[in-house]
Amino acid sequence: MPSTPPAGGPPPGDMDPEDFRRQGHRLVDWIADYLAHAERYPVLAQVAPGDIRNALPRQAPEQGEPFDAIFADFERVLVPGLTHWNHPGFFAYFAITGSGPGVLAEFLSAALNQQAMLWRTSPAATELEEVALGWLRRLMGLPDTFEGVIYDTASVSTMHALIAAREVAVPQVRQRGLAGRADLPRLRVYCSEQTHSSIDKAVIAIGLGHDSLRKIPCDGHFRMRPDALRDAIAEDRAAGWQPMAVVATVGTTSTTSVDPVPAIADICEAERLWLHVDAAYAGVAAILPDHREVLAGADRADSLVVNPHKWLFTPFDLSAFFCRRMDIVRAAFALTPEYLKTTDAATVRNLMDTGVQLGRRFRALKLWMILRYFGADGIRVRLAEHIRLAQLFAGWVDADSDFERLAPVPFSVVCFRVKPAGRALSEADLEALNARILDEVNRTGEIFISHTRLDGRYALRLAVGHLRTTETHVRRAWALTREKAGI
Ligand SMILES: *Cc1c(COP(=O)(O)O)cnc(C)c1O
């Protein structure tokens with residue numbers, strides 16, 4: 001039964017413009033206070049599973065509610081259930097920043113509600129994406145032969161890279177698929193044993209199967225061994241597999257190690273394999289003159305992903321996918337139903353052609369505003385400071401006989417553990433000790449660190465990446481870790 005608004009109730013239509021203005025001002029004030037004082041909150045949410053769900057009704061309200069009431073519940077119920085990625089004591093996973101200019105850009109982007117599937121449905125979003133990605137590409141020192149497109153995450157960027165590789169490797173895959181084809185050998189994708197799990201998910205998603213992914217051993221510094229890659233490819237060819245692609249990582253997820261991309265590119269060229277570089281976290285370090293070499297050899301890759309939402313101060317989400325052969329991505333995905341046909345298709349770029357999603361939001365706006373607001377020099381200063389803070393922490397670890405560093409620190413991430421001097425603890429005891437310390441420092445709510453496992457050893461992991469993190473916060477992380485270790 002169609003419902004009619006109650007007499008005297010709000011008229012149909014969107015929020016009243018004056019109400020929007022009032023709430024908007026209040027929200028901006030709230031956000032400004034939040035960004036300046038995120039330390040008021042425990043960095044890691046201190047709620048139990050189900051707390052948030054149980055505090056909310058099971059049904060949507062029948063009658064609309066005033067925004068004041070909704071916002072009051074946001075503060076009362078939801079804020080305690082937030083883990084504060086914008087807290088300067090956030091050192092877990094990869095620390096990130098939803099920066100001021102990025103937040104403002106997201107606000108604008110939501111209001112504009114652009115849907116840039118076709119050039120004509122948003123000429124500005126379409127062309128700004130090209131401009132902003134061109135700026136980023138040049139800042140990182142990548143050649144102009146790389147065309148860029150924005151996706152949501154590195155996982156999705158990498159999936160598109162492997163779909164392009166599949167398009168090259170498998171005849172008529174777009175039309176005939178993979179299933180039920182006696183003419184196809186089994187396909188192989190190579191990455192190191194330190195590679196991000198998104199590569200596993202990509203081969204699963206695109207129909208190659210998890211068995212198609214072969215993980216190549218690393219050297220003592222967690223970098224892919226090119227000799228082992230070469231051997232694996234030869235062995236696979238002899239056994240009837242068809243090698244298809246290699247994923248090299250610049251900044252692996254556990255230790256931020258950098259695979260030897262030039263040597264891997266040599267192999268890919270000789271073997272005619274698609275080379276995709278996953279530089280989700282560390283790619284932006286190439287903006288620093290003294291870190292230029294982290295992308296050495298990447299100019300020879302077929303594709304590369306870097307995440308501005310990771311270490312370039314961009315509110316989640318924004319992943320930049322660069323490809324030297326975007327025509328192949330288009331060959332895989334371009335498909336125009338009648339109602340989206342336009343007469344300008346030959347002269348413009350329609351972003352719906354470069355990927356699986358049709359609609360896309362105006363993400364380029366935040367990247368453009370961030371690059372302008374901080375400027376190349378401002379970005380360099382901030383990245384260098386994060387690296388300095390991590391090196392400082394690594395220095396304290398190295399100088400303390402009760403601690404052990406478990407990996408090199410090329411960027412802003414330190415892997416370490418407590419290993420009390422003069423006590424012969426087994427690996428199991430060390431793991432239990434460090435897991436307890438992790439739990440206890442995180443329960444303080446002052447800092448949040450995470451862990452990983454390296455060569456079977458349990459490692460604590462401190463990642464610096466928030467713009468408001470200062471030396472004071474890093475010193476506090478060190479002091480808390482020592483305190484909880486009982487040192
Ligand atoms: C973080 C990370 C990813 C995944 O990023 P999403 O954007 O969350 O998909 C992939 N690869 C590497 C190396 C990463 O550091």
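1. Two strands pair if DSSP finds at least two bridges between them. By that rule strand β4 (residues 241–249) pairs with β5: five bridges join the two, and they run parallel. Within this pairing, Ala248 stands opposite Val277 in β5. Strands here are DSSP runs of E with at least two residues, helices are runs of H or I with at least four, and both are numbered from the N terminus.

2. Some notes on the source. This is a predicted model, in which local features need pLDDT of at least 70 and side-chain atom pairs count only at pLDDT 80 or more, while totals for chains, interfaces and linings use all residues. Residues are numbered from 1 along each chain as its sequence is written, and side-chain values use heavy atoms, with hydrogens and water left out.

3. The protein chain has 15 helices and eleven strands. Its radius of gyration is 25 Å, close to the 23 Å that the globule rule gives for 487 residues, so the chain is as compact as a globular protein of that length. The radius is taken over C-alpha atoms, and the rule is 2.2 Å times the number of residues to the power 0.38. Along the principal axes, the C-alpha atoms of the protein chain fill a box of roughly 80 × 70 × 45 Å.

4. Of the 487 residues, 50% count as buried. Buried means under 20% relative accessible area, exposed over 50%, and partly exposed in between (1.4 Å probe, protein chains only). Of the contacts in the protein chain with a separation of 6 or more, 72% are between residues 24 or more positions apart; a contact means heavy atoms within 4.5 Å.

5. Is strand β5 (residues 274–278) enclosed or open? Five of its five residues are buried, so β5 is largely enclosed by the rest of the structure. Trp274, His276 and Asp278 point one way from β5, and Leu275 and Val277 point the other way.

6. Side chains of opposite charge can pair when their charged atoms come close. A salt bridge is counted for a side-chain nitrogen of Lys or Arg within 4 Å of a carboxyl oxygen of Asp or Glu. The count comes to 41 salt bridges.

7. One of them joins the side chains of Arg214 and Asp236, at 2.8 Å from N to O. The pair links distant parts of the chain, with Arg214 in strand β3 (residues 213–216) and Asp236 in helix α9 (residues 226–238), 22 residues apart. Asp236 is buried, with a relative accessible area of 2%.

8. Arg300 and Glu269 also meet in a salt bridge (3.2 Å, N to O). Arg300 lies in the loop between β5 and β6 (303–306) and Glu269 in helix α10 (residues 261–271), so the pair ties together parts that are 31 residues apart in sequence. Arg300 is partly exposed, with a relative accessible area of 25%.

9. In a further salt bridge, the closest N and O atoms of Glu431 and Arg453 are 2.9 Å apart. Glu431 is in helix α14 (residues 427–443) and Arg453 in strand β10 (residues 450–454). Both are partly exposed: Glu431 has a relative accessible area of 27%, and Arg453 has 42%. Elsewhere, salt bridges that share partners join Glu106, Asp317, Arg361, Arg363 and Lys366 into one network.
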